[in-house]
Amino acid sequence: HTHTIIITMKPLSSSSRLLEITVMSGENLLDNRNRPVKKNAFVNIKTESYSCNLQTTKLDKEGGGFPKWNEKLIVDLPMHARHLTVEVQCKNSSGIKTVGIAKVPTSDFIGGILPEDYLHFLSYRLRNEKGEKNGIINFSVRVKNAAAPSQSAAGCAAAYTKAAPVDMGSSYNGSCGIVTGLPVYPGNFLGNSMAKRF
């Protein structure tokens, strides 16, 4: 008697999402002496599987504490992932130093009333390894392999999210230096009727 075993491989879209993330700029980035970062800042985007899901921007050599990258990265986000980590670092003569980290909940750009392929503009407060505020990171995110949007949703404008500082006691993880931002939806971007829902 012979037995045949059939193994069915799931397509990528059922086990993960492809995110198109455009890292735009940083604001008020400081080094460990509370002076503006001089140059060579870059951004790492990580998912929960840090070892294999890491994308990095090029160095910004001129922006100092207000770097601009405007660089598009494609990140593979597992379906089970609850957070996306955005880490700003800078390269200097002594090596690579972490400027600040933000832990972005996937619920800020997936799910809810907006279609999955919606373009979200996000700003998050960065915190250094001591948990102190250290600037802001601005980026956009869109699910690249999302299902086709409905006609009613296709005409919407891009969503804008501004992250507010969060309470250290409730959301700071001292061992990782990570803070989860809280999004605020301004009425002038989403319209008064939609803004009231948030």
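The legends below describe close-up views of a predicted model.

Local features are described where pLDDT is at least 70 and side-chain atom pairs only at pLDDT 80 or more, whereas totals for chains, interfaces and linings use all residues of this predicted model. Residues are numbered from 1 along each chain as its sequence is written, and side-chain values use heavy atoms, with hydrogens and water left out.

**View 1. Overview of the protein chain and its confidence.**
The protein chain has five helices and 10 strands; helices (H or I, at least four residues) and strands (E, at least two) are DSSP runs, numbered from the N terminus. Of its 198 residues, 43% are buried, where buried means under 20% relative accessible area, exposed over 50% and partly exposed in between (1.4 Å probe, protein chains only). The accessible surface comes to about 11400 Å², by the Shrake-Rupley method with a 1.4 Å probe; carbon and sulfur atoms account for 52% of this surface. Among contacts (heavy atoms within 4.5 Å) between residues at least 6 apart in sequence, 64% join residues at least 24 apart. The average pLDDT, the predictor's confidence in each residue from 0 to 100, is 74, and 64% of the residues score at least 70. In residues 6-13 the pLDDT is below 50, and this stretch has four contacts beyond near neighbours in sequence. Residues 149-198 also have a pLDDT below 50, with 94 contacts beyond near neighbours in sequence. Where pLDDT is low, the predicted coordinates should not be read in detail.

**View 2. The largest nonpolar core.**
A nonpolar core is a set of buried Ala, Val, Leu, Ile, Met, Phe, Trp, Tyr and Cys residues joined through side-chain atoms within 4.5 Å. The largest one has 29 residues, and those with the most contacts inside it are Leu19, Ile21, Ile45, Leu84, Phe109 and Ile137. Elements giving two or more residues to this core include strand 1 (16-27), strand 2 (41-46), strand 7 (120-127) and strand 8 (133-143). Beyond its neighbours within four places in sequence, Ile21 has contacts that include Ile45, Leu73, Val75, Leu84, Phe139 and Val141.

**View 3. The aromatic pair of Tyr124 and Phe139.**
One aromatic pair is found in the whole structure. The ring centres of Tyr124 and Phe139 are 6.3 Å apart and the planes are at 25 degrees, so the pair is stacked. Rings of Phe, Tyr and Trp (its six-membered ring) pair if their centres lie within 6.5 Å; planes under 30 degrees apart count as stacked, over 60 as edge-to-face and the rest as tilted. Tyr124 is in strand 7 and Phe139 in strand 8, so the pair ties together parts that are 15 residues apart in sequence. Tyr124 is buried, at 1% relative accessibility, and Phe139 is buried, also at 1%.

Strand 7 and strand 8 pair in the antiparallel sense over seven bridges; two strands pair if DSSP finds at least two bridges between them. Phe139 in strand 8 is the bridge partner of Leu122. Five residues lie between the strands of this hairpin, in which Gly131 takes a positive phi near 90 degrees. Six of the eight residues of strand 7 are buried. Lys133 lies in strand 8 and is partly exposed, with a relative accessible area of 48%. Lys133 and Leu30 are 9.5 Å apart in space, C-alpha to C-alpha, and 103 residues apart in sequence.

**View 4. Leu54 in strand 3.**
Leu54 belongs to strand 3 (residues 54-56) and is partly exposed at 41% relative accessibility. Apart from neighbours within four places in sequence, Leu54 is in contact with Asn44, Ile45 and Lys46.
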